[in-house]
Amino acid sequence: METEELTPESTNGHGRYEGVLRYYELAKKQEWQVRDLPWGEQPPIPEYKGTPEKLARRRDLWRSVIMQQLQADTFACEMASQLLNAAPHIEAKLYYSTMVQDESRHTEAWLRLSGEIGGTAERDPHLDTLAHMTLEADTLEEKVFQMQVFYERLIISRFRLIARSSRGTVLEDLCNRLTTDDGIHHGAGMAYEKVLLQNASKQTKQKLVDAANRLLPTFVEHALWRPKERAFIGRAMHTRDIERLKEDLEIGVRLAESLGLDVSEVQLPV
């Protein structure tokens with residue numbers, strides 16, 4: 001049975017939620033299942049030749065990459081559920097019902113992939129701190145901005161980088177799917193944040209800026225942190241990491257400005 005597509009008028013949105021509803025429909029069309037990944041047809045991660053020691057180091061490196069994404073999407077499950085419960089508008093609740101399913105599916109896929117290559121690895125302590133800061137944010141506007149406007153936008157480039165480095169693997173296929181999903185999450189977040197900020201008070205908008213100033217130093221620590229399995233890469237790529245971090249922060253500022261926020265008081269820690 002086909003499901004009739006919702007329109008802003010059919011949900012009494014009066015046009016304000018047209019963008020949110022568009023992403024709701026898109027999310028339903030793009031839905032996939034973990035069983036759709038090429039399990040058994042492609043290797044889970046890139047395969048190499050060399051000594052057992054070299055192969056073990058390479059596997060540990062990829063385990064650490066996958067662990068960080070599992071950690072992030074486990075947090076995203078909690079955040080999506082929180083947004084579903086916190087959003088007062090039915091149009092947003094419809095969208096967040098798909099986001100909860102997405103993040104749960106992502107976590108399931110990372111868990112299975114982790115199991116395929118030997119289990120989990122070291123957690124990023126700064127990512128845990130960021131997660132708690134967002135989950136405990138005071139306002140819905142802060143939660144949507146941090147989770148969807150900022151984080152979901154930045155992770156897309158990371159997934160593309162991982163996919164390019166893992167051609168012909170389950171990991172590449174998964175990252176390509178997540179690039180699409182998180183693009184939808186980001187677009188929906190931008191659309192909903194515009195609705196939330198349209199009539200927001202000056203105090204609410206100032207809270208967004210204050211929250212950013214509290215969050216950014218920890219975000220910098222997260223962006224530059226490497227587990228022991230990737231410490232040698234961190235040393236070799238430090239200059240590039242700093243450049244990418246500056247780009248990420250500049251993107252965040254531009255996104256905030258596009259939403260009509262005064263970011264003159266945001267203190268970039270780089």
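The model is predicted, so local features need pLDDT of at least 70 and side-chain atom pairs count only at pLDDT 80 or more, while totals for chains, interfaces and linings use all residues. Residues are numbered from 1 along each chain as its sequence is written, and side-chain values use heavy atoms, with hydrogens and water left out.

I begin with helix H1 and helix H6. H1 covers residues 18-29 and H6 covers residues 170-198; helices here are DSSP runs of H or I with at least four residues, numbered from the N terminus. Their axes come within 8 Å and cross at roughly 160°. An axis is a line fitted to C-alpha atoms over the stretch in contact, and angles run from 0 to 180 degrees between N-to-C directions. H1 and H6 are therefore roughly antiparallel to each other, a term for angles over 145 degrees. The crossing of H1 over H6 is left-handed, that is, the near helix is turned anticlockwise from the far one by less than a right angle.

Which residues of H1 and H6 meet? On the H1 side they are Gly19, Val20, Tyr23, Leu26 and Ala27, and on the H6 side Ile184, Gly187, Ala188, Ala191 and Tyr192, with contact meaning heavy atoms within 4.5 Å. By class, the contact of H1 with H6 has eight nonpolar residues, two polar and no charged. Nonpolar here means Ala, Val, Leu, Ile, Met, Phe, Trp, Tyr, Cys and Pro; Asp, Glu, Lys and Arg count as charged, and the others, Gly among them, as polar.

I turn next to helix H2, residues 52-86, and H3. The axes of H2 and H3 come within 8 Å and cross at roughly 160°, and these helices are therefore roughly antiparallel as well. H2 passes H3 in a left-handed crossing. The contact of H2 with H3 has 13 nonpolar, nine polar and five charged residues.

H3 itself runs over residues 90-116. Gly118, which follows H3, has a positive phi near 110°.

Where does the salt bridge between Asp181 and Arg105 lie? The two side chains meet at 3.9 Å, N to O, the cut-off being a side-chain nitrogen of Lys or Arg within 4 Å of a carboxyl oxygen of Asp or Glu. Asp181 lies in H6 and Arg105 in H3, so the pair ties together parts that are 76 residues apart in sequence. By this rule the count comes to 13 salt bridges.

How values were computed:
Helices (H or I, at least four residues) and strands (E, at least two) are DSSP runs, numbered from the N terminus. Angles under 35 degrees count as roughly parallel, over 145 as roughly antiparallel, 65 to 115 as roughly perpendicular and the rest as oblique. The expected span of a helix is 1.5 Å times one less than its number of residues.
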